[in-house]
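Student: I would like to go through this structure one question at a time. Please give the cut-off for each term when it comes up.

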Amino acid sequence: MKNLNRKVAYVLGVTFFSMLQSCSKDTDVADVESAEESVLAISDAFPEELHNCGYVDGNWSSTAFLSNSIGSTSETNFMQTQNSKIASVWGRPAVPLSFVKDNSNPNSTYNAISYGSGKIYYGQAIYNAAKAQGQIANVMILAHEYAHQLQFTYGYPSKNETTARAAELEADGMAGYYLRRPNGYNKTSFSQIAAAYEFAESIGDNNTSSPGHHGRSYQRRSAVRLGFLLGAYDLNAASFDYNFFYYYNGVLNGSYKQEKSEFFNPEMDKYIRSYTKELERIKNGEMTDEEYFELD
Ligand SMILES: [Zn+2]
């Protein structure tokens with residue numbers, strides 16, 4: 001695009017100026033010009049270069065670039081719709097969801113990151129790998145990343161540990177909750193989501209603001225299961241946080257919180273406690289994969 005029509009570029013550049021805000025702070029005049037060229041390229045059916053700033057940030061490779069599309073148009077729409085729905089289930093506005101690609105080193109985008117500044121960057125490689133397990137695996141990952149946004153907003157998890165484990169387990173639980181909610185992904189049987197979770201677990205976590213331990217695999221499994229069970233009830237983020245740790249402390253340590261907050265629900269308490277033995281068996285690694293995948 002060397003013979004760039006500067007006037008057209010300027011107009012389009014203004015139109016898409018807000019989108020270009022997601023570029024690195026390091027963006028200089030040269031970067032802006034290349035971005036304008038990329039904007040023009042939209043009409044050449046290269047929408048993946050819309051956000052191409054030539055550099056994403058230090059969490060991604062130097063050749064990675066931002067994109068507003070992933071896969072086909074319907075796949076992009078699917079992910080953006082899920083992004084909005086997840087936020088909606090929690091009664092919150094969605095945060096911008098962008099995708100990261102790297103044509104020189106595609107494997108470098110095997111990552112998804114939730115930023116404290118209020119955005120989610122989702123790598124192409126991890127998207128493709130999850131998609132191979134079914135799109136529910138991508139929904140699981142996205143719901144987990146959005147859970148970190150809730151944590152950033154509200155200062156969760158309310159439970160403090162010396163590692164990131166509590167935050168990660170809560171995010172797993174919030175993902176399980178979303179997959180069940182009728183206004184969410186609406187999966188009424190756990191067997192429909194267990195396999196997806198196995199993939200989410202296998203990728204580990206990439207929330208750079210929470211280094212350290214993320215919970216043992218069986219603890220993460222039981223966190224998803226507990227979140228799914230809590231999904232039988234309509235909870236806001238505060239109620240989820242309270243109830244998740246009310247019950248999960250018990251699963252982890254064998255001792256439940258004694259104090260009951262405004263979010264305590266006797267009916268739900270009876271329901272969740274009926275699953276206590278099962279949750280303990282998951283957490284202790286006593287449940288086989290076969291049994292886990294067939295839970296109701
Ligand atoms: Zn995480």
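Tutor: Angles under 35 degrees count as roughly parallel, over 145 as roughly antiparallel, 65 to 115 as roughly perpendicular and the rest as oblique. Axes are lines fitted to C-alpha atoms, for helices over the stretch in contact, and angles run from 0 to 180 degrees between N-to-C directions. This is a predicted model in which local features need pLDDT of at least 70 and side-chain atom pairs count only at pLDDT 80 or more, while totals for chains, interfaces and linings use all residues. Residues are numbered from 1 along each chain as its sequence is written, and side-chain values use heavy atoms, with hydrogens and water left out.

Student: How are α9 and α12 oriented to each other?
Tutor: Helix α9 covers residues 217-230 and helix α12 residues 276-283, and their axes lie 7 Å apart. The packing angle is about 150 degrees. The two helices, α9 and α12, are therefore roughly antiparallel.

Student: Which residues of α12 meet α9?
Tutor: Contact means heavy atoms within 4.5 Å. From α9 the residues are Y218, Q219, R221, S222, R225, L226 and L229, and they meet E278, L279, I282 and K283 in α12.

Student: How do the residues of the contact of α9 with α12 divide by class?
Tutor: Ala, Val, Leu, Ile, Met, Phe, Trp, Tyr, Cys and Pro count as nonpolar, Asp, Glu, Lys and Arg as charged, and the others, Gly among them, as polar. The contact of α9 with α12 divides into five nonpolar, two polar and four charged residues.

Student: What is the handedness of the crossing of α9 and α11?
Tutor: Helix α11 (residues 266-273) packs on α9 at an angle of about 140 degrees, with the axes 10 Å apart, and the pair is therefore oblique. A crossing is left-handed if the near helix is turned anticlockwise from the far one by less than a right angle, and right-handed if clockwise. The crossing of α9 and α11 is right-handed.

Student: Which residues make that contact, and of what class are they?
Tutor: L226, L229 and L230 come from α9, and M268, Y271 and I272 from α11. By class, the contact of α9 with α11 has no polar, no charged and six nonpolar residues.

Student: Is L230 buried or exposed?
Tutor: Buried means under 20% relative accessible area, exposed over 50%, partly exposed in between (1.4 Å probe, protein chains only). Leaving out residues up to four places away in sequence, L230 touches Y177, L235, F240, N243, F244, Y247, M268 and I272. Its relative accessibility is 0%, so L230 counts as buried.

Student: How are α4 and α6 oriented to each other?
Tutor: The axes of helix α4 (residues 73-89) and helix α6 (residues 135-154) come within 10 Å and cross at roughly 40 degrees. Therefore α4 and α6 are oblique.

Student: Which peptide bond is cis?
Tutor: Most peptide bonds are trans. P157 is placed in the loop between α6 and α7 (165-180). With omega of about 0 degrees, the cis bond joins Y156 and P157.

Student: What is the phi of N186?
Tutor: N186 lies in the loop between α7 and α8 (191-202), and its relative accessible area of 40% makes N186 partly exposed. Phi is positive here in a residue other than glycine, near 60 degrees.

Technical notes:
Helices (H or I, at least four residues) and strands (E, at least two) are DSSP runs, numbered from the N terminus.
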